[in-house]
Amino acid sequence: MDHQPKFFENLSGAGKAIAVLTSGGDAQGMNAAVRAVVRMGIYVNAKVYFIYEGYQGMVDGGDNIVEVSWESVSSILQVGGTVIGSARCKSFRTREGRLQAAFNLVQRGITNLCVIGGDGSLTGANLFREEWSGLLEELAQKGKIDAEAVKKYAYLNIVGMVGSIDNDFCGTDMTIGTDSALHRIIEVVDAIMTTAQSHQRTFVLEVMGRHCGYLALVSALACGADWVFIPEYPPEEGWEDSMCVKLSENRARKKRLNIIIVAEGAIDCHNKPITSEKVKDLVVQRLGFDTRVTILGHVQRGGTPSAFDRILASRMGVEAVLALLEATPDTPACVVSLSGNQAVRLPLMECVQMTQEVQKAMDEGRFLEAVRLRGRSFENNLNTYKLLSHKKPDAELPKTNFNVAVLNVGAPAAGMNAAVRAAVRVGMTEGHKIFAVIDGFEGFARGKIKEISWGDVGGWTGQGGSILGTKRTLPAKYLEKIADQMRTNNINALMVIGGFEAFESCLQLHEARASFEEFRVPMCVLPATISNNVPGTDYCLGTDTALNAIVETCDRIKQSASGTKRRVFIIETMGGYCGYLANMGALAAGADAAYIFEEQFDIRELQANVEHLTEKMKTSIQRGLVLRNENCNENYTTDFIYQLYSEEGKGVFDCRKNVLGHMQQGGAPSPFDRNFGTKISAKAMQWISKKLKETYRKGKVFANTDDSVCLLGMRRRNLVFQPVAELKSETDFVHRIPKEQWWLKLRPLMKILAKYKTSYDVSDSGQLEHVAMLPKEAETGAI
């Protein structure tokens, strides 16, 4: 879009008062949202108030409504739940209660409300807004406020943010808390799998989701569960037989465990509940398997928020304040939500109505409609799960006689194995033979190729690293040998999963087509690297897992200084020349500065940062955090920055440094990476099948156009296939990064939340969209 950047400096909050409250069930990440609202509000010179205990505190008034300062929200970013409390409130449902609440707000001059909660809380806020002028008039009649106040505080502005672990709100890809709840579930599933494996047990896991099966569905996809029960998609008549057949078939294939996931609101097609106990009894009676039930309960709401939730909540909190500053009496109450990786504003009541439509469709037995209304992302998850969990009998599978090779290239990244599993299973469903290449292009040249089957990839989703093995070697020096192997094994298509090397490899093969006809086959790159430095995509597979590892370590490092004197930590992250991990890690861990290659800095800036930290340490704040990307500057090394801060901070704070190193590459993949890997891989294999059909002529595959070598990337709101030849012009090959990177727009966000004066381009904000207008293709910036 060619528009002039719009900066929020022109938006002043002077003379405005904003209050923030959390309501309904708590969710991890609410504190990050509260922190962002408070700091952004203070940043634009507005007064900011906490309302403790949700609507109850608004009705009770007194000490429940308190003006807050910058330091009030220090050190809450990593805390789960909500520090300002949440309570169910009966009195706010009555007009008398709302009258009292309006009086309490007017007394403090508050006419801007930021509500963080579920659809019930947001509906209540909207009603309050509609009644506002009537409530003020009634207060004036009763003599509680004067006519001047009625005029001065005539309008109430409301912005909502959805905090709910169930992800049950239409209009947003992810609600605050959902990703963290998935982390809790997957931690439990991974732990249970090891004990189930030992004893050849079946485990039935019950997860939250009374009206929405999102958590059950996505965790089933993320752990490769044998069966899942969700309210939106009841099993067909006779499901008991189908499930037992499936479980015993899996045991017959030497699988030592079965995992069944049940959403607490699961029902059958007659609207009768399906409970975890009922499922357990069925398995025991029919199959005699040793079966256990685990009900996860409130564990899912607890614990520290994931990196994704902290960043999501911080972005939403800032956007909410901008929306309040720009609100007029005519703008409808809006909710700030996520579409792809874009923060968008939607009319609150449109979203609430759509959410209620889903429930209505389920109550009336229109289940397909309910799945569709849940949104494209939910529908995709369901279709991918069905595709990958049930192997059709060989007789029912089509036979294409195409051979597709799958390989990993570059450094290992979490989620690679999930992508390989999906590629194998979707490829087999499409009728192809799938070949696994061991050790990247080096292994390819040496003929390390074997056919791989459905059962071979069981249990791969939760494994970190690369089971196939991976090497950084590019194909250029082995072109002849690779062409030989492709001819010998009759390879008709390639799926290359890896980082910048995978992109470069396919470029080399594409350019070598003139000399080797073997390379005239469809090829697809799936970007997978912790550095997030591949052109053509906003997210790479493995980045989310690495970010969580960084944030978890930063939390521990910050905690290590609690109770000691004032201390600043200098932390070095990986990423090559790409500053994504340092920048987003800083945003999610609440750092004071992040030094990256993309934004050049000099000694004056370093000096300013030290002075800023020195000032900060004179308040009640005791800890500072500075992240540095490993290649941000060849002279200002981690040691140099550590020594500079140590010297300049003498007498005020002392310094420690940490180089995080390879722990950022290891570990079990996060739920996001498991699902992102699974979904992009399934989509890529379907694209390969389409290309194979299009390019098959006279008994052989002949693909020689640019669009037959593509990279599948996430761009803003969509998953797109882009020819690698076209991405060449978007790439800085010297530093191995894309020339333009979307996340640099979020850089000022980190600075604002760390109390720096900066300019923030809000050109993308401010457009109120409509629910129905969100692109149908919108894949998820979530999962």
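This is a predicted model: local features need pLDDT of at least 70, side-chain atom pairs count only at pLDDT 80 or more; totals for chains, interfaces and linings use all residues.
1. Let's start with helix α10, which is mostly covered: 19 of its 20 residues are buried. With 20 residues (307–326) at 1.5 Å a residue, α10 should span 28 Å, and its end C-alpha atoms lie 29 Å apart, which agrees.

2. Glu326 of helix α10 is worth a look. Its side chain meets that of Arg345 in a salt bridge (2.9 Å, N to O). Arg345 belongs to strand β11 (residues 342–347), so the bridge links distant parts of the chain, 19 residues apart. Arg345 is buried, with a relative accessible area of 5%, while Glu326 is partly exposed at 23%.

3. Salt bridges turn up elsewhere too, and a search of the whole structure finds 40 of them. Lys657 and Asp639 form one, at 2.3 Å from N to O.

4. An α-helix has 3.6 residues a turn, so residues three or four places apart point the same way. Glu694 is partly exposed at 43% relative accessible area, and Lys690 is partly exposed at 46%. Elsewhere, bridges that share partners join Arg95, Arg98, Glu131, Glu138 and Lys142 into one network.

5. Now to the rings, where the count comes to 22 aromatic pairs. Phe402 and Tyr696 have ring centres 5.4 Å apart and planes at 80°, so they pair edge-to-face. Phe402 lies in the loop between α13 (376–389) and β12 (403–409) and Tyr696 in strand β22 (residues 696–697), so the contact ties together parts 294 residues apart in sequence. Phe402 is buried at 8% relative accessible area, whereas Tyr696 is partly exposed at 43%.

6. Tyr636 and Phe640 make a tilted pair, because their planes are at 35°, with centres 5.2 Å apart. Tyr636 counts as buried at 17%, and Phe640 is partly exposed at 30%. Ring pairs also link Phe308, Tyr539, Phe672, Phe676 and Trp742 into a cluster.

7. Finally, two charges over rings. The charged end of Arg251 sits over the ring of Phe289, 4.3 Å from its centre. Lys144 does likewise over Phe103, at 5.3 Å.

Definitions and conventions:
Residues are numbered from 1 along each chain as its sequence is written. Side-chain values use heavy atoms; hydrogens and water are left out. Helices (H or I, at least four residues) and strands (E, at least two) are DSSP runs, numbered from the N terminus. The expected span of a helix is 1.5 Å times one less than its number of residues. Buried means under 20% relative accessible area, exposed over 50%, partly exposed in between (1.4 Å probe, protein chains only). Rings of Phe, Tyr and Trp (its six-membered ring) pair if their centres lie within 6.5 Å; planes under 30 degrees apart count as stacked, over 60 as edge-to-face and the rest as tilted. A charge sits over a ring if NZ of Lys or CZ of Arg is within 6 Å of the ring centre and within 35 degrees of the ring normal. A salt bridge is a side-chain nitrogen of Lys or Arg within 4 Å of a carboxyl oxygen of Asp or Glu.
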